[in-house]
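Hi,

Here is the structure we talked about, with some notes on what turned up in it. Have a look at it first, then read on.

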Amino acid sequence: MHIIIIGAGPAGLAAALALSQTTIQGSPPRITILELRPKVETLGGTILLTPLALRYLDALGVGSRLRKLGMPVRGVDVVALRTGRTLGQMLPGTDALRVMRHQLVQCMADAVAELPKDLVTLRYGARVTDIQQVDDQKEDERAVRVDVQFDAGRSEESISCDILLGCDGIHSFVRTTVVDCERTKTYSGRAIAYGYVNCDSARDIGLTTLNGKLRLRDSTMIQGQHGSFLMSYFEPSRGKVYALAIMPMAENQDAREGWKALGEDKVAIKRDIVDRFKEGGIKGLEPIINESDWYFYPVYMLPVEGRWSKGRVFLLGDAAHALSTMPPQGESTGIAIEDGVLFAHVLSEGISRGIPYVMEAYETLRRDDITKLHSETMFRWNTGSSSSWLWSITMEFATWVYLLLANYRQEDYFKRDISPPSLGFLYPISRRALTASSAQASQPATQPPKAIINSNYGPALTNEELYALARSLSKLDQFLLLYCQHFYQQIASGQLNPGDTSAQRLALNDLEDLQTIISQFQDINTGRFVFSSLYLKERHILYYWGRAISFLSQNLLAGDEIHQPSLGNLKRVTEYASDIESAVLDAGSAGVLTSDYRLVLSERWDLLESAFNLYHQHSQSPRTVEKWPNIARRAQAAPKVVPQDSKTGLPTQSGTFTTILWLTFVGTTLSNIWTFALAYNYSDHKPGTTKDADFWFLMQSCITQGFTLIISGIPLWADTRLRKRTWVPPMLLALICTIIAPPLYLTAPTEWSSFVGLIATGIQAFMVLQLVTVSG
């Protein structure tokens with residue numbers, strides 16, 4: 001197997017080293033690494049490698065040579081600029097390492113250079129100009145062709161491979177060209193400036209607080225109102241300090257040239273940094289800032305949702321999930337290394353089950369971890385925002401609490417097992433996870449299925465256009481799943497591939513999973529449940545789509561002549577896809593086909609492309625279904641109408657009727673206020689008694705009003721389209737007013753019981769208005 005890796009950064013080199021330690025289908029893979037730059041460059045500042053990242057590097061044979069160049073870090077002290085007090089410590093007592101980024105890359109490149117040249121080749125100065133996936137209909141798989149220019153365009157080559165790994169960073173050519181054209185980088189709202197400062201003979205950086213000198217042990221992060229300032233030793237001699245400023249900053253309108261011009265204005269950068277950190281309980285930062293020669297760059301990130309693969313092309317590292325990580329933690333580099341190692345393990349163990357299985361196994365292994373890390377790092381990122389003085393005090397307390405919780409969690413995270421994971425259940429394996437899963441297995445509770453289809457396992461899908469799309473999609477799902485089930489039953493019984501025990505074991509496992517999915521569809525067909533809102537985002541079924549289409553292709557081309565029943569099945573697939581296309585366009589015109597739905601649909605369409613090609617090639621009929629980019633373009637360009645979630649009730653876009661209702665509500669409220677003013681004028685301003693007839697009239701009104709409030713709240717609670725916070729607090733206020741009105745009549749002037757009753761009546765009218773205009 002030939003694997004091309006685009007990008008010789010931490011992710012690409014880690015993947016190459018890890019793949020070189022594996023065998024794929026009985027033999028070591030042949031690996032070609034293509035790097036745009038002519039050599040390892042020295043730009044990029046320093047990074048902090050966590051204990052987990054170092055353990056992966058040790059496993060790759062890089063850790064020992066790298067530790068000689070870096071500075072061990074026993075923790076990052078977090079200090080408040082306002083007071084000079086220490087809030088806590090990140091990575092306390094851990095075996096972390098601060099090192100120059102180019103030193104890490106150079107050590108990894110040296111390790112790659114020591115591998116046999118016939119197995120691993122690293123080529124610098126390679127500019128990729130085009131990537132094409134070529135259908136191979138005999139095996140129903142794809143080969144990848146990469147067009148490359150070398151020596152600044154003086155020579156060109158076209159290289160073919162079985163698998164392509166895009167490890168080319170946040171500005172990834174592979175992602176924007178092949179895998180996920182719609183997902184683009186976004187500015188994080190932060191810019192970073194970094195430089196280097198010499199220490200005096202006593203290794204004193206000259207910072208003082210109200211309590212004396214600020215001692216730099218290994219690394220210190222100063223958190224201020226207008227940004228954060230990091231100082232850290234990074235070389236064994238401790239002769240220099242790495243300084244870095246994280247600054248909230250508006251995006252430059254002329255993104256490329258504007259940022260470039262700002263980065264070249266060293267004086268303006270220094271002045272900006274000084275202004276941000278000159279006030280507070282820490283003195284002496286200004287000389288440090290003025291001494292350094294600062295390098296400046298804006299920080300971009302990728303949305304956490306997005307595709308990581310398409311066909312035989314996979315994204316690793318920042319190309320898949322660039323995180324706006326806080327520089328002290330350095331998780332982005334560690335995650336990139338972990339990506340490369342874990343993908344190598346998944347590929348070597350899962351390739352026998354096909355590329356779709358590898359794709360699903362790797363995403364199952366990594367998606368949850370990446371999503372959690374994204375949420376955590378975004379919290380740390382936002383603590384450095386420019387804010388009010390009062391809010392900065394609040395964030396100091398929040399940081400103190402966060403550090404306590406984060407340090408408790410990270411100890412277990414850094415102890416994760418880095419041995420090759422088992423893919424039997426498509427879940428990452430760690431010591432803690434194994435313990436938890438064993439405990440759960442001993443409990444009688446039923447685990448949710450891997451694929452969530454109906455509302456028994458997830459929230460119901462309520463939108464009319466999306467429900468129509470789910471209904472169209474389910475027809476194709478059920479057809480392919482039943483087709484796949486039929487062949488699995490033959491494999492499990494030995495009718496197909498007799499004697500292949502591993503295939504029979506796989507078929508038995510998949511049959512059980514298939515039955516749970518099919519039974520969910522059957523529950524929808526019989527009316528027990530409806531579609532879940534999670535169904536349209538479901539990826540687990542893609543594995544069975546790939547298997548079913550593979551079975552269809554094998555049957556079609558098995559004999560000397562075309563197998564007509566298989567051709568008829570491919571025709572049915574095309575017809576189902578045509579219905580899905582229409583439903584997608586309807587959902588697009590309704591404005592409800594968001595990017596997360598389009599993402600999963602595009603992955604489904606990629607699998608269907610081979611079925612479309614097979615059918616139209618062998619049936620000699622013209623293509624009737626659009627390619628996905630055209631469908632997505634039409635869906636997004638369709639004129640949008642306000643979605644209508646229910647066929648019953650009043651349409652929400654009926655502007656005239658809604659206006660009449662609101663005018664009635666406002667008119668009724670104003671007339672009540674006017675009549676209350678008259679009643680107040682004629683009142684004797686004294687409490688009433690239980691012998692007053694008005695008291696019992698009030699009781700009768702309050703009982704009826706309380707009952708009506710509760711009854712009207714039931715449909716509002718059941719309607720998921722109404723946000724609870726828009727009507728639950730007013731309803732509770734109305735109930736309170738209704739309850740206190742009678743005792744208030746007896747203890748305060750009687751007009752006040754009428755006043756709280758007026759409030760309750762107005763809120764009740766508002767709730768009825770919500771029911772009529774929105775819920776129907």
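Leaving aside its neighbours within four places in sequence, which residues is Ser309 in contact with? They are Val179, Phe314, Met359 and Glu363. Please keep in mind that this is a predicted model. Ser309 is found in strand β20, and it counts as buried because its relative accessibility is 2%, where the cut-off for buried is under 20%.

Now to the rings. The structure holds 27 aromatic pairs. One of them is formed by Trp308 and Tyr362, a tilted pair with 6.0 Å from centre to centre and 55° between the planes. This pair links distant parts of the chain, as its two residues are 54 residues apart: Trp308 is in the loop between β19 (295-301) and β20 (309-310), while Tyr362 belongs to helix α11 (residues 355-382). Both Trp308 and Tyr362 are buried.

Elsewhere, ring pairs join Tyr194, Tyr196, Phe234, Tyr242, Tyr295 and Tyr297 into a cluster.

One last item comes from a record: an unreviewed UniProt entry places the feature "signal peptide" at residues 1-16. In the model, the chain over residues 1-16 is 44% helix and 31% strand, and the end C-alpha atoms of that stretch are 13 Å apart.

Best wishes

Methods
Residues numbered from 1 in each chain as written. Predicted model: local features only at pLDDT ≥ 70, side-chain atom pairs only at ≥ 80, totals over all residues. Heavy atoms only, no water. Phe/Tyr/Trp six-rings, centres within 6.5 Å; stacked < 30°, edge-to-face > 60°. Helix = DSSP H or I, 4+ residues; strand = E, 2+ residues; numbered from the N terminus. Buried < 20%, exposed > 50% of the residue type's maximum accessible area, 1.4 Å probe, protein only. UniProt positions renumbered as here; feature names shortened; annotations may be inferred. Contact = heavy atoms within 4.5 Å.
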